[in-house]
Amino acid sequence: MAGRRQASRHGVVVLCLLLASLVACGGRPTAADSAKTAVQLVLDRRAAAVLDRDRAAIARTGAADWWSDLSAVPLASWSYKVTAVHRSGSTATADAELRYRVQGYDSAPVTVARTLNLSLDASDHWYVVRERPARKAPQQLWDQGRVTVVRGTHSMVLGVGHSGEKLHSFADLADRAVPAVSDAWGTDWSRHVVVLVPESLDGMAGLLGSPASSYRGIAAVTTGETGAPAQAPADRIIVNPDAYALLGLLGRQVVLTHETTHVATRTATTAATPLWLSEGYADWVGYRNTGRTPAEAAPELAEAVSARRVPRALPSDADFGFSGSATGLARSYEGGWMACRMIADRWGEAKLDAFYRAVGEHEKRSGAVETALAKILDTDLPAFTAEWRQYLRDELG
């Protein structure tokens with residue numbers, strides 16, 4: 001009996017030592033863990049208040065002045081995931097992922113990195129002092145000011161620093177672009193677009209997280225991952241209002257239709273798709289049925305061809321870099337458009353559609369164009385390139 005009691009006491013000692021070890025190795029939450037948990041709870045309440053559109057409840061979690069900038073945006077979801085908390089006494093900085101969906105447009109959340117500054121109040125509870133984009137992360141439109149929302153038949157336009165009348169003009173362009181794209185590409189896509197109109201070029205750059213110099217001559221760009229699944233955030237067409245203002249009505253329509261084409265073709269556009277095809281096809285849809293001649297729509301390339309400087313090869317991806325000359329960039333876009341126009345002219349629009357999809361279905365970039373040329377157009381790359389060069393001479397010379 002004595003031996004068994006001694007063994008039992010020994011087991012209790014071992015168990016106590018084991019529990020002590022577990023606590024020392026992380027069984028008990030650390031101060032950092034406690035702060036992270038507390039901040040997450042605050043942000044959970046904040047997110048619920050945003051979805052309830054309850055400014056008073058937002059204010060109970062901290063700064064609420066930004067709500068007036070966001071309030072017009074129709075939200076289907078809004079949540080934070082705290083990834084780290086850096087505490088210094090009664091203040092802290094939290095790293096978090098913000099996930100949100102725009103009602104009726106996003107089939108999956110947009111995810112962006114955010115940084116939040118917090119303080120402890122008199123009751124020793126955390127509250128938010130400030131929220132901003134994380135370092136190197138893009139801004140959201142409401143980070144730039146009060147968002148105005150205009151709805152079209154096939155579009156939602158969100159702008160900062162512009163009148164409702166001006167934003168309606170973008171909705172009108174987008175509403176004409178959507179059926180034009182469907183007529184060329186088909187209807188197997190969302191058939192609606194989100195257009196963001198910041199106040200200036202700098203605002204556009206902020207939304208893209210890039211230097212303004214990269215987009216100075218670019219009227220608009222479309223965000224989105226190539227080969228994106230059906231369940232994904234809606235692409236955003238982001239307008240450069242400075243460059244857009246220099247365009248005539250037809251030019252503005254071509255730009256919106258071009259960018260809408262990128263939205264429609266996103267799932268069929270993969271890493272195998274060269275830029276001459278994706279940009280050329282978007283321009284082909286943009287100019288389709290406008291009556292513009294090659295010389296009118298491709299003036300830079302026409303000048304080069306007239307001077308007997310016919311390109312020797314289709315534009316490379318590097319030729320579409322924004323850091324090069326504006327003239328060279330224009331010739332690259334025009335060269336891609338002329339290649340797609342040639343396919344539509346000589347093989348038919350259905351073949352152009354099939355060619356585009358076949359290239360995107362290839363497993364990798366190498367061999368994608370060559371395989372699709374052989375399968376869909378019954379030709380090879382040297383013959384296609386030679387025919388394209390002659391087409392340039394015939395149409396632009």
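Mentor: Val254, Thr257, His258, Thr261, His262 and Thr265 in helix 8 meet Ser278, Glu279, Tyr281, Ala282, Asp283, Val285, Gly286 and Tyr287 in helix 9, where contact means heavy atoms within 4.5 Å, and where helices (H or I, at least four residues) and strands (E, at least two) are DSSP runs numbered from the N terminus. This is a predicted model, in which local features need pLDDT of at least 70 and side-chain atom pairs count only at pLDDT 80 or more, while totals for chains, interfaces and linings use all residues. Residues are numbered from 1 along each chain as its sequence is written, and side-chain values use heavy atoms, with hydrogens and water left out.

Helix 8 and helix 9 (residues 275-287) pack at an angle of about 125°, with their axes 8 Å apart; the axes are lines fitted to C-alpha atoms, for helices over the stretch in contact, and angles run from 0 to 180 degrees between N-to-C directions. That angle makes helix 8 oblique to helix 9, since angles under 35 degrees count as roughly parallel, over 145 as roughly antiparallel, 65 to 115 as roughly perpendicular and the rest as oblique. The crossing of helix 8 and helix 9 is right-handed, meaning that the near helix is turned clockwise from the far one by less than a right angle, with anticlockwise giving left-handed.

Thr261 lies in helix 8, which spans residues 249-265, and its 1% relative accessibility is why Thr261 counts as buried, a term for under 20% relative accessible area, against over 50% for exposed and partly exposed in between (1.4 Å probe, protein chains only). The side chain of Thr261 reaches the backbone oxygen of Thr257 at 2.8 Å. Leaving aside residues up to four places away in sequence, Thr261 touches Val181, Tyr281, Ala282 and Val285.

Val181 brings in another helix, for Ala180, Val181, Ala184 and Trp185 in helix 5 meet Tyr281, Trp284 and Val285 in helix 9. Helix 5 (residues 164-185) packs with helix 9 at an angle of about 115°, their axes being 9 Å apart, and this crossing is also right-handed.

As for the setting, the protein chain has 15 helices and nine strands, and buried residues make up 47% of its 397 residues.

Conventions:
Polar contact = N/O pair within 3.5 Å; in protein donor to acceptor, adjacent residues only side chain to side chain.
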